[in-house]
Amino acid sequence: MFSQIRLAAQTPVSRRSYSTGSAKDTVGFIGLGNMGAPMANNLLKAGHKLVCYDVNPEAKSKLQGDFKLVSTVGEVAASVDRLVTMLPSSPHVKDVYGSKNGVFANMRKNALLIDTSTIDPITTKQLAKDAQSRGATWLDAPVSGGTGGATAGTLTFMVGGPKEGFDRAQDILSAMGKNIVHCGDSGNGQVVKVANNLALAIHMIGTCEAMNLGVSLGMDPKLLASIFTTSSANSWSNEKYNPVPGVNENVPASKGYNGGFAVDLMAKDVGLAVDAANAAHIPLLLGNRVQEVYRLIQDAGKGGKDFSYVYQYLQDVRNK
């Protein structure tokens, strides 16, 4: 957890530029997990130098290019004018930015802060205000496209924040994504993202149930999926990320449901949508049930598996 990380040394961090290039062409990156590492690699491929931090020092083995891995969050913030974070949840983001020795305490004047994590809109709006009060610009820029899109550099970025900050971030975001959309004011990127992931979770569970029904009744899974692809049952979850092992190559279902987007993270994102809906008194006919399904899988000890594991869970229940 990020509560364990060393945010910065107690002594003041030097504000010197990165040793092998000017701050103008150097980007900070915090969070080198399943999504963050390939995103950082695409920045390196695009010619950016990076100053990076991750709770796991071994994360440096995931990167290829001109980068420097430092030992504290504060050192990243003090070394660059533009910084990207990709973190698991709202508490991690608040800790990295707002703690005594975090980003806010060490960043440069007029810093551009691009948070690509998926967190609740209320938290991101508050962080945007905190950044502005300190002379920085905050963008909430959550992504869609999964680990495949992160690796290929084809992510969709849903960006909330001032247009000036959005324009200033273009070269960074375009190095990591294909579709970069300005959604309006701070927090709007997160609003779009939680709505998107609620729809994705519903699509995936529906695909898993339909594939499980057809396969259990004797259909070949590849044939069934191909028919879905050319019919009204098609979706990204079926065509690009099918939950049945062997239907698609190089997706988590064909790799033991490892990698990809974890059940724990999808449960968190659906929870954000449910909480936002409850706060605004918006009915969710399926959202609450989807949350229950992913909690069942977590309770079964499979929270680290990809969110398409719902198919295997249904198979296991049937075979008991």
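Before anything else, I note that helices (H or I, at least four residues) and strands (E, at least two) are DSSP runs, numbered from the N terminus. This is a predicted model, where local features need pLDDT of at least 70, side-chain atom pairs count only at pLDDT 80 or more, and totals for chains, interfaces and linings use all residues. Residues are numbered from 1 along each chain as its sequence is written, and side-chain values use heavy atoms, with hydrogens and water left out.

**Entry 1: Gly-246**

I looked up Gly-246 and found it in the loop between α11 (236–239) and α12. For burial I use these cut-offs: buried means under 20% relative accessible area, exposed over 50%, and partly exposed in between (1.4 Å probe, protein chains only). Gly-246 comes out as partly exposed, because its relative accessibility is 37%. Next I checked contacts, meaning heavy atoms within 4.5 Å. If I skip the neighbours within four places in sequence, Gly-246 touches Lys-222 and Ser-254.

**Entry 2: two positive phi angles**

Tyr-257 also sits in the loop between α11 and α12. Its phi is positive, about 60°, although Tyr-257 is not a glycine. Is Tyr-257 buried or exposed? I get buried, because the relative accessible area is 4%.

Asn-110 is another non-glycine with a positive phi, about 65°. I found Asn-110 in the loop between α4 and β5. Asn-110 is partly exposed, since its relative accessible area is 46%.

**Entry 3: the cores**

A nonpolar core here is a set of buried Ala, Val, Leu, Ile, Met, Phe, Trp, Tyr and Cys residues joined through side-chain atoms within 4.5 Å. The largest one has 33 residues, and those touching the most other members are Met-211, Met-266, Val-270, Tyr-294, Phe-307 and Val-310. Which elements give two or more residues to this core? I listed α9 (188–216), α10, α12 (263–279), α13 (287–299) and α14 (310–319). The most comes from α9, with eight residues. Apart from this core there is another, of 30 residues, including Leu-32, Met-86, Leu-112 and Ala-169.

I then zoomed in on Val-270. Leaving out neighbours within four places in sequence, Val-270 is in contact with Leu-198, Ala-201, Gly-287, Val-290 and Gln-291. Gln-291 belongs to helix α13. Gln-291 counts as buried because its relative accessible area is 11%.

**Entry 4: salt bridges**

A salt bridge is a side-chain nitrogen of Lys or Arg within 4 Å of a carboxyl oxygen of Asp or Glu. How many salt bridges does the structure hold? I noted five.

One of them pairs Asp-81 with Arg-108, with the closest N and O atoms 3.4 Å apart. This pair links distant parts of the chain, 27 residues apart: Asp-81 is in the loop between α2 (73–79) and β4 (82–85), and Arg-108 is in the loop between α4 (103–106) and β5 (112–115). Asp-81 is partly exposed at 26% relative accessibility, while Arg-108 is buried at 13%.

Arg-82 pairs with Asp-171, and there the closest N and O atoms are 2.6 Å apart. Again distant parts of the chain are linked: Arg-82 is in strand β4 and Asp-171 is in helix α8 (residues 170–176), 89 residues apart. Arg-82 is buried at 9% relative accessibility, whereas Asp-171 is partly exposed at 35%.

For Glu-292 and Arg-289, the closest N and O atoms are 2.8 Å apart. Both lie in helix α13, three residues apart, about one turn of the helix. Glu-292 is partly exposed at 40%, and Arg-289 is partly exposed at 46%.

**Entry 5: cysteines**

I searched the whole structure for disulfides (a pair of cysteine sulfur atoms within 2.5 Å) and got zero. I still looked at two cysteines. Cys-208 is buried, with a relative accessible area of 0%, and Cys-183 is partly exposed at 23%.
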